[in-house]
Amino acid sequence: MKTRMEKNTLHEIETFNLENFQELCDHLANNDPDLHLILKNHGYPPMWTRRNTFETLVHIILEQQVSLASALAALNKLKEKLEEITPENILKLNDEEMKECYVSRQKNIYIKGLANALISGEMSIENLPELSNDEVRRRLVALKGIGNWTVDVYLMFTLQRTDIFPIGDLAAVNAVKRLKQLESKTTKEEILEISEQWKPFRSVASMMLWHYYLSSAKTK
């Protein structure tokens, strides 16, 4: 059966949304038996998204190299103290107050650097959706403490760009290794080569992989 996706020019689709997300999953599953098994065994993944706000970028920074639960605890502590996480409110907190909110010294520097960049007009979050992936990446990585993983998550979850594979994300990489039955020593370059087959919808494939990783963990 032909889907609407097959009738359209695939490369015209640059963002995913509630209307096309499951169809994009179906398209990927039809072209990769392993992704097909994810849908068969675990159903469609959630369409994880986040609003385009300063708070979202703070949340992603907090998630760097820690568990999602730890990052959320810090975010909630900041919300409790500030009520609203804005650049102006963040800059009112001293180092000790940030520490009380479980924010490390380094992440305190990163978050306040971002806040200052927004207040000074060096960067505007509101303008980022209008830019290409490469330009968004260029502007964000220019800020201290924001690297490619942070940008990948922002592009996928907030701007909902379709073709991002977060090679710096351990869960996504391990999901590929498990799904494709690869050796643990498989390199990032080899993982990226495998991800090429999911173009131009690698973001959606990544969400399927996260869904598989989380669902598999629950069944253990």
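**View 1. Arg 202 sits in helix 13.** Helices here are DSSP runs of H or I with at least four residues, strands are E runs of at least two, and both are numbered from the N terminus. This is a predicted model, where local features need pLDDT of at least 70 and side-chain atom pairs count only at pLDDT 80 or more, while totals for chains, interfaces and linings use all residues. Residues are numbered from 1 along each chain as its sequence is written, and side-chain values use heavy atoms, with hydrogens and water left out. At 12% relative accessibility, Arg 202 counts as buried (under 20% relative accessible area; exposed is over 50%, partly exposed in between, with a 1.4 Å probe and protein chains only). Setting aside neighbours within four places in sequence, Arg 202 has Thr 162, Asp 163, Ile 164, Phe 165, Ser 195 and Glu 196 in contact (heavy atoms within 4.5 Å).

**View 2. Arg 202 and Asp 163 pair up in a salt bridge, 2.9 Å from N to O.** The term takes a side-chain nitrogen of Lys or Arg within 4 Å of a carboxyl oxygen of Asp or Glu. This pair links distant parts of the chain, 39 residues apart: Arg 202 is in helix 13 (residues 202-218), and Asp 163 is in the loop between helix 10 and helix 11 (170-179). Through shared partners, salt bridges join Asp 163, Glu 196, Lys 199 and Arg 202 into one network.

**View 3. Asp 152 meets Arg 137 in a salt bridge, at 2.8 Å from N to O.** Asp 152 belongs to helix 10 (residues 148-158) and Arg 137 to helix 9 (residues 133-141), so the pair ties together parts 15 residues apart in sequence. Asp 152 is buried, at 6% relative accessibility.

**View 4. Lys 81 and Glu 100 form a salt bridge too, 3.9 Å from N to O.** Here the pair ties together parts 19 residues apart in sequence, because Lys 81 lies in helix 5 (residues 68-82) and Glu 100 in helix 7 (residues 95-100). Lys 81 is partly exposed at 37%, and Glu 100 is partly exposed at 41%. The salt bridge count comes to 14.

**View 5. Helix 3 (residues 33-42) has Leu 35, Ile 38 and Leu 39 buried.** They cover an arc of only 90 degrees around the axis, so they share the same side of helix 3 (the arc is taken from the directions from the helix axis to the C-beta atoms). Over on the other side of helix 3, Pro 33, Lys 40 and Asn 41 are exposed. After helix 3 comes Gly 43, with a positive phi near 75 degrees.
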